[in-house]
Amino acid sequence: MKQIYTLNFAFVLRPIGGLALLLLAGTVTGATPPPAGGDSVLMRRTYEVEAEHSTDLVITAAQLRAINPVNLWDAISFYEPSIGTSWEENQGASPLYGAGEMTLRGSKRWGRDERSKPARPTYVIDGALVDARKFFDMDINDVRRIIIRKDPASLTRYGIRGADGVVEMETFKPVKGPMKIRYSFDGIVEWADLSSYHLMSAAEGLGLLQREGLTTGSAASMQQYLEAGTNTDWPRELTRPVFSHRHKITIDGGDDHVKYALTGRISPSNKGVLRGSEREILGIGAYIEYRYKSFRISNELTYDKVETDSKLFGSFGDYARTPAWLEPGNGRGGYLKTMGFDDDLRKFENPLYELSLGSFHRNKTYSVFDNVRLSLDLGAGFALNGRFSYVRDQIRTDTYVSPSSWRYASAPAGTYTGRYGIARSATQTFDGRLALTYAGQSGRSSYGASLSADLFGGVYNMESYAGVGITTDKMGYISFTQSYDFDTDPYAWRYYDRTAGGSLEAYYAFDDRYEVRASARLDRSSMLAPQNRTALFYGVSVAWNIARESFLRDAGWLDRLTLAAAYGTTGAVDAASSDYVVSYSSNIGNEYIYNYYLIGSSIACMPNPSLKWRTGVNRSLSLQASMARRIDLRVNLYWNDARDLLTVEPLDQATGYRYNVSNGGRIRNSGIEYYLNARVYERPGFSVALFTAGSHNRNRIEELPGYFASWYNAGLAADEAPLVAGESVNAVSAVPSSFDGTVERVTGPATIVGTTDPDLTGNFGVSVNWRQLTFGAAFDYRIGGSIFNQTLYDVQFGSALQNLDRRALQSSLRHPFEGDPARLSRFVERLDALNFSSLQVGYRFRSQLIEKIRLRNLALYVTGNNLFYRSSVDRQRGTVYPFSRNVTLSLRATF
């Protein structure tokens with residue numbers, strides 16, 4: 001059986017009878033934990049690694065559920081402080097937005113590339129490659145452990161898929177025993193966190209207009225609003241407290257030869273806190289395993305359907321800025337389509353009216369996952385392991401805008417109103433691997449090697465089209481449209497991924513003191529340019545267990561002291577196929593008039609057949625120490641380079657093209673990570689542990705081609721910072737200004753004034769266990785880094801006809817400005833934040849009590865998530881979808 005060495009944050013409670021035994025860090029535990037719903041613990045702050053010196057992070061099932069019993073993304077992002085996200089500040093708690101767009105140990109591409117096509121880690125479930133959506137749609141109760149691959153040597157084995165990191169999932173498998181029925185229930189109460197929205201009341205908003213010498217359109221309409229006394233709280237009108245519930249049932253069992261499991265899960269009407277949003281999940285699965293002597297084969301088959309719906313097409317932040325003096329009701333029990341008097345300067349969309357229509361944005365995902373695994377012990381230390389997986393995803397997206405929508409309020413007579421858009425995408429992948437392994441031992445030496453070969457094939461396609469001209473609100477389907485949407489061309493694409501590769505890995509260890517590991521990976525892929533279709537990667541790591549040396553063996557206070565170093569290369573494919581092979585695009589809208597309106601085609605861009613993949617060169621140094629069986633510390637240093645990034649280079653004018661895609665530049669990410677656990681009190685039946693973890697990363701452009709920098713910086717958007725050698729790709733740019741007491745004006749050109757990279761991110765908390773009762777509290781934080789305060793910018797430059805932050809009532813913050821509004825450096829602020837991530841209390845019933853009602857295990861947990869958030873920057877968060885707070889009641893029962 002594969003052994004896992006438990007490193008820091010070890011806090012594992014095993015109730016036996018009426019006692020609780022504590023397994024301390026430094027012990028070796030078996031690879032098979034208790035099944036979900038069994039005797040897994042509530043708060044186990046245990047970080048594991050596959051090898052003593054690896055910097056990979058392992059998160060156990062109990063840890064995940066201790067932070068969030070339903071949301072896998074929240075749990076993973078809490079435990080790994082090196083994870084960075086750019087979407088979460090705006091998307092908030094949206095059940096519609098897919099997680100997974102994250103970076104590990106810093107940004108490795110140019111900023112614009114990252115925004116247009118976010119780099120994601122490679123996601124793996126039980127050895128099979130999957131996309132982020134499939135990964136984070138998994139039921140958290142099925143997850144045995146998560147492995148976040150960051151170690152330079154372990155990333156090498158993933159070749160061209162490893163440069164952005166790898167997140168692996170291992171799921172629970174049935175164990176030998178009589179048939180068991182496991183049931184889990186999660187009931188979630190959730191409400192919107194509107195604490196960052198400090199908007200004006202109707203009286204304050206109208207008063208601001210009067211102070212600035214403005215009106216809503218006329219003196220008469222101003223007077224009507226003042227006399228009406230309407231004060232609509234739009235953020236609260238658009239949000240709601242919701243209750244949702246999830247159910248899962250598993251039947252499993254088996255003997256020495258056959259093991260089986262059947263599962264089903266459902267999450268009906270999982271409504272979001274923003275009105276009109278919801279998400280439903282339905283999943284079934286089956287597992288069968290057969291073992292005969294040294295041969296084992298298993299097959300897991302799952303089917304999942306996930307449906308998301310939303311009815312509002314605008315952003316929550318925009319709707320929240322609707323003036324509070326507007327009355328949404330029409331006085332007849334319905335809602336006004338547009339709000340405002342005829343002589344008003346501006347009419348406003350009524351989101352409550354839009355919610356009453358049949359409009360929707362609906363996404364349905366159907367996923368089939370089949371994974372076959374086999375192993376054969378050949379004897380004499382040799383073993384053969386194989387795997388074959390098949391994944392098929394179908395995504396159906398339908399968008400319906402009712403002809404009664406506000407969007408058509410000013411449509412000219414005779415114009416088609418109402419629109420129905422359809423997008424269909426499908427993914428089909430085949431993935432197989434065969435590995436021959438050897439492990440041996442001689443005296444104080446142990447050694448082993450692995451030789452593997454794998455094949456991957458994928459087909460990806462998408463098509464979309466839309467029709468317009470729908471008669472009534474109730475006729476929401478494509479068949480009721482009268483014409484194609486001339487503003488949206490039909491669109492389709494298809495591409496293939498054919499990759500063959502192989503790996504060779506070996507290790508040697510002596511006397512539990514010294515160890516060396518080496519690996520090499522060769523990939524050949526259709527995703528690479530024709531002249532560089534084969535890629536070679538390699539890695540090596542060494543470790544020294546200093547505590548085993550003679551001069552420290554008698555140090556009873558030192559349990560372990562290991563120093564390790566690693567070096568490795570890996571890769572990623574950022575280029576599109578049109579960047580390296582000749583591709584044509586149709587010139588729609590540019591017909592040849594004198595040739596019967598035929599549509600021509602042209603080469604999309606000048607291809608570069610020698611284009612390379614992005615190369616990651618990773619280095620790390622780590623120190624692990626365990627002292628007095630109470631304190632566990634791990635420190636990781638790293639400095640990683642991203643090379644051969646996508647750039648452009650100029651072409652001769654004779655080619656007809658100004659430039660083509662090329663390789664160049666280098667970005668370095670360097671940093672330090674730490675994990676610390678202290679068991680401060682231990683007595684039979686009672687224990688207390690404290691924990692903390694943190695990550696510091698610095699991003700720097702080391703090499704920047706001159707032509708590419710000029711080309712990139714010439715097309716900057718208003719919120720983009722230029723690329724500058726020596727600065728971060730996440731730099732923040734703004735212009736300086738001065739205020740002379742009368743008017744503010746720009747005093748110079750835009751300069752880099754900071755970076756969004758925090759100085760430190762991390763977590764801390766406490767775990768308490770008393771007999772059958774468990775308690776845990778966890779916080780996450782960030783210190784430093786800069787952010788542009790858009791809310792404060794709107795206070796200065798926003799229209800008084802909108803509902804602004806209440807700071808707009810301070811005349812000093814809305815002083816006159818010379819020229820057009822600008823991104824001023826005074827709006828760039830340092831961001832420090834603290835979030836109360838999780839508070840959990842649990843109780844596991846004694847077996848003597850539950851056996852009377854024919855139960856084997858029964859546990860109840862209450863978990864609160866994101867209970868409060870504090871920040872040094874007063875700004876509106878969740879501008880696309882609001883953040884939320886929630887409390888979950890979880891029940892785990894085994895019959």
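At 27% relative accessibility, Arg745 counts as partly exposed (between 20% and 50% relative accessible area, with buried under 20% and exposed over 50%; 1.4 Å probe, protein chains only). Glu818, at 46% relative accessibility, is likewise classed as partly exposed. The side chains of Glu818 and Arg745 meet in a salt bridge at 3.2 Å, N to O (a side-chain nitrogen of Lys or Arg within 4 Å of a carboxyl oxygen of Asp or Glu). Because Glu818 lies in the loop between α13 and β42 (828-830) and Arg745 in strand β37 (residues 744-746), the pair ties together parts that are 73 residues apart in sequence (helices, H or I, of at least four residues and strands, E, of at least two are DSSP runs numbered from the N terminus).

The model is predicted, with local features requiring pLDDT of at least 70 and side-chain atom pairs counted only at pLDDT 80 or more, whereas totals for chains, interfaces and linings use all residues. Residues are numbered from 1 along each chain as its sequence is written, and side-chain values use heavy atoms, with hydrogens and water left out.

By the salt-bridge rule the count comes to 68. One of these joins Asp304 to Lys134, with the closest N and O atoms 3.1 Å apart. This pair links distant parts of the chain, Asp304 being in strand β17 and Lys134 in helix α5 (residues 132-136), 170 residues apart. Asp304 counts as buried at 10% relative accessibility, and Lys134 counts as buried at 3%. A further salt bridge is formed by the side chains of Arg679 and Glu682 (3.5 Å, N to O); both residues are buried.

Beyond neighbours within four places in sequence, Trp325 is in contact (heavy atoms within 4.5 Å) with residues including Leu206, Leu209, Tyr225 and Leu801.
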